[in-house]
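Subject: Handing over a structure

Dear colleague,

I am passing this structure on to you, with the sequence and the coordinates shown just below. After them you will find my notes on what turned up in it.

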Amino acid sequence: MKSCGSMLGLRGLRLPPAGILLLLPFLQPRLLPAAPAPHRASYKPVIVVHGLFDSSYSFRHLLEYINETHPGTVVTVLDLFDGRESLRPLWEQVQGFGEAVAPIMAKAPEGVHLICYSQGGLVCRALLSVMDEHNVDSFISLSSPQMGQYGDTDYLKWLFPTSMRSNLYRICYSPWGQEFSICNYWHGSFFGFYDANETVLEMEEQPVYLRDSFGLKTLLARGAIVRCPMAGISHTAWHSNRTLYEACIEPWLS
């Protein structure tokens, strides 16, 4: 499977190549530069949240890259809801990860960075929306289906090998289906998604953007959203590809 944003839709349609969506400081209402200065004496702590069926071990390469380019950075790859436990309901995971990140944030008065991969991007976005106060400087959503998922994926085919895409929603939108995180989101890493005619509408054309339902329009207007598309990288390699790290992650880990 290609990255989340390029998954096949119901009729063979493809979304644009997936990428990294960076939501830069939520708390400071100021226009941000395209990228911060590349080096500094000390770096903010980094918190990593894994995706579906992953564990902290999956991010050993990312940890190596950060330690090499930003020596001394305190990196915490949260070891929660690993493997099959990542199928737990998303709001249950949000609560668990929230309890884990709170003490890390409390020890970092200058702020932290969040790197959240795949399903982890949804967990982090929900986490930021429910925390009364947080000090996240950069939220890096790494190939996450921020506008939901359309059709099936390799994971869904593994879980439901005989279910057709046209019928899968009957399972996922049932009370039983909602007990699994993989059914909690139904695909666009840049907030793009299909309309009723199965035409992909980019973020700026989405009703949630036009109405500024949860601040996307405001964030983009002040330069707090950066999109970093990367084609030709499989979804499972997004957290281990060195070129992607150098282009789309490392510049924002100041």
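The torsion about the S-S bond of C228 and C248 is about -55°, so this disulfide is left-handed. C228 belongs to strand 8 (residues 225-229) and C248 to helix 8, so the pair ties together parts that are 20 residues apart in sequence. The S to S distance in this pair is 1.8 Å, a disulfide being counted here when two cysteine sulfur atoms lie within 2.5 Å. Both C228 and C248 are buried, where buried means under 20% relative accessible area, exposed means over 50%, and partly exposed is what falls in between, with a 1.4 Å probe and protein chains only. Helices (H or I, at least four residues) and strands (E, at least two) are DSSP runs, numbered from the N terminus.

Before going further, please keep in mind that this is a predicted model, in which local features need pLDDT of at least 70 and side-chain atom pairs count only at pLDDT 80 or more, while totals for chains, interfaces and linings use all residues. Residues are numbered from 1 along each chain as its sequence is written, and side-chain values use heavy atoms, with hydrogens and water left out.

The structure holds two disulfides, and the other pair to describe is C116 with C124, with an S to S distance of 2.0 Å. The torsion about the S-S bond of C116 and C124 is about -85°, so that disulfide is left-handed. C116 is buried, at a relative accessible area of 0%, and C124 is buried as well, at 1%.

Helix 1 (residues 60-69) has L62, Y65, I66 and T69 as its buried residues. They cover an arc of only 95° around the axis, which puts them on the same side of helix 1; the arc is that of the directions from the helix axis to the C-beta atoms. These buried residues pack against strand 2, strand 3 (75-77), strand 4 and helix 8.

Turning to charged side chains, the count comes to three salt bridges, each being a side-chain nitrogen of Lys or Arg within 4 Å of a carboxyl oxygen of Asp or Glu. E68, R242 and E246 are linked in a network, in which R242 meets E68 at 3.2 Å, N to O, and E246 at 2.9 Å between the closest N and O atoms. E246 and R242 are four residues apart in helix 8 (residues 242-249), and are therefore separated by about one helical turn. R242 is partly exposed at 26% relative accessibility, and E246 is partly exposed at 41%. R88 and E92 form a salt bridge at 3.0 Å, N to O; R88 is partly exposed at 35%, as is E92 at 33%.

F53, in the loop between strand 2 and helix 1, has a positive phi of about 65° although it is not a glycine, and F53 is partly exposed at 25%. S118, in the loop between strand 4 and helix 3, has a positive phi of about 55° although it is not a glycine, and S118 is buried at 4%.

Technical notes: Contact = heavy atoms within 4.5 Å.
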